[in-house]
Amino acid sequence: MKRLVLLGMAAWACAASAQMEMRVKPFVQVVGDGQIGVSWLVTSNAFGSVKWKQQGDAWAEAYYAADGLREANAPVQRARIAGYNPALPLMLEAASSEIRSFKVYRAPEYGTAVTNRPPQVAALMSAEGDTSFAVFTDCHSRTNCITEMLPKLGEGLRFVVLNGDNLNDPPTEQAAIDGLFAPMAWLTEQGLATLFLRGNHETRGAFARDLKRYLVLPDNKYYGAMTLGKLRLIWLDCGEDKVDGHKEYYGLNDFAPYMQAQLEWLKRELAGEAFRQAAWRIVITHIPPEWNSEEAAKWEGTVRMNTQFAPLLSKAGVTAMICGHTHKPARLPPSEKEGFGFSGPVFIGGCWPTEKQVVTRVDVQGGQLKITMIKPDGSVFAEQAWPEK
């Protein structure tokens, strides 16, 4: 018994003397017009903040606050940077101070401090409004989809979009770290911010309800929009692919009102000045409108896209949609059915199996929008261009 007590005390002493470390390095996230986000993870409860600057500016501080309280006393660290100029590169340093004691009416007792300064993050667009980004989809926690394919996509990328099912039903925080947060941190190390979208598989697994606490999102929603030069970019949350009452969800899903609220937000976005003034409008979402396949009437997510979202996007004059989900890369032609499906091209990327991966690249350059679908050998699967009208 005495031996067990001594071993227990020794274990406690080791734990007590352990130094806080950075578990996941900072990952920079595209949030929307005038905003960008940063998240990172440490091994103890801490308070985190970010020093940041852009060309010619002095260093400023950013952190995450909600409902009057700055985020603190947790291992998840975040900062929301407001006043961000997407036409300028970003320099930042993330810092965390361990909180060893957090009591009412007493100053926190701080312990270890850790910092990390990633490489300069590329501007999301040039001063003239040109931009280039890549859209990955359906990696399903296989991170080599990103690390092996990125060098084959050509020069000049400014950010990366992860368009859903990057995680595969995450059961734990570690699964999300391995399949999503660490790859996003790796992209930041390459100088690229990430725009994250949920797919239907991010809505599953025990960790699905915790995911939002690790990200910086527009208005704390999984959907949003921003202007990049003459391009208006909209991203939508696809929701689940089956009805809420399906037996696989055990009564725990409630997507119907959530998707209706997103639809009402989209109507306001499509009526807005930023959308109407854009030369090109692109919508990115995980589940595509598949008007010409049997899937059109089989799954709730596809039915919802075909009958509610896509017709609205068609009427508003959206240029193209970029999707995933099917694991069958394709460029779908415009729908032939009025009021059903999408009236423009739909680019469906994929990453299953990895050797047949197709990544979609978007370039706005010199008065032209071009969408190119690229295979692992660098060859072109499909492409289309639109000159400015």
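## Basis of the report

This is a predicted model, in which local features need pLDDT of at least 70, side-chain atom pairs count only at pLDDT 80 or more, and totals for chains, interfaces and linings use all residues. Residues are numbered from 1 along each chain as its sequence is written, and side-chain values use heavy atoms, with hydrogens and water left out.

The average pLDDT (the predictor's confidence in each residue, from 0 to 100) is 93 for the chain, and 96% of the residues score at least 70. Over residues 1-17, however, the pLDDT is below 50, and this stretch has zero contacts (heavy atoms within 4.5 Å) beyond near neighbours in sequence.

## Helix H3 and its cover

Helices (H or I, at least four residues) and strands (E, at least two) are DSSP runs, numbered from the N terminus. Helix H3 spans residues 173-189 and bends by about 35 degrees at phenylalanine 181, with proline 183 following within four residues. The bend is the angle between axes fitted to the seven residues ending at a residue and the seven starting there. After H3 comes glycine 191, with a positive phi near 85 degrees.

## Valine 24 in strand E1

Valine 24 belongs to strand E1. This residue counts as buried because its relative accessible area is 4%. Leaving out residues up to four places away in sequence, valine 24 touches Trp40, Leu41, Ile177, Phe181, Ala182 and Ala185. Valine 24 and alanine 182 are 158 residues apart along the chain, yet their C-alpha atoms are separated by 6.3 Å.

## Threonine 131 in strand E9

Threonine 131 lies in strand E9, which covers residues 131-136. Its relative accessibility is 0%, so threonine 131 counts as buried. The side chain of threonine 131 reaches the backbone oxygen of leucine 124 at 2.6 Å. Apart from neighbours within four places in sequence, the contacts of threonine 131 include Arg158, Phe159, Leu228 and Val362.

Key. Buried means under 20% relative accessible area, exposed over 50%, partly exposed in between (1.4 Å probe, protein chains only). A polar contact is a pair of N or O atoms within 3.5 Å; within protein, one must be able to donate a hydrogen and the other to accept it, and residues adjacent in sequence count only if both atoms are side-chain atoms.
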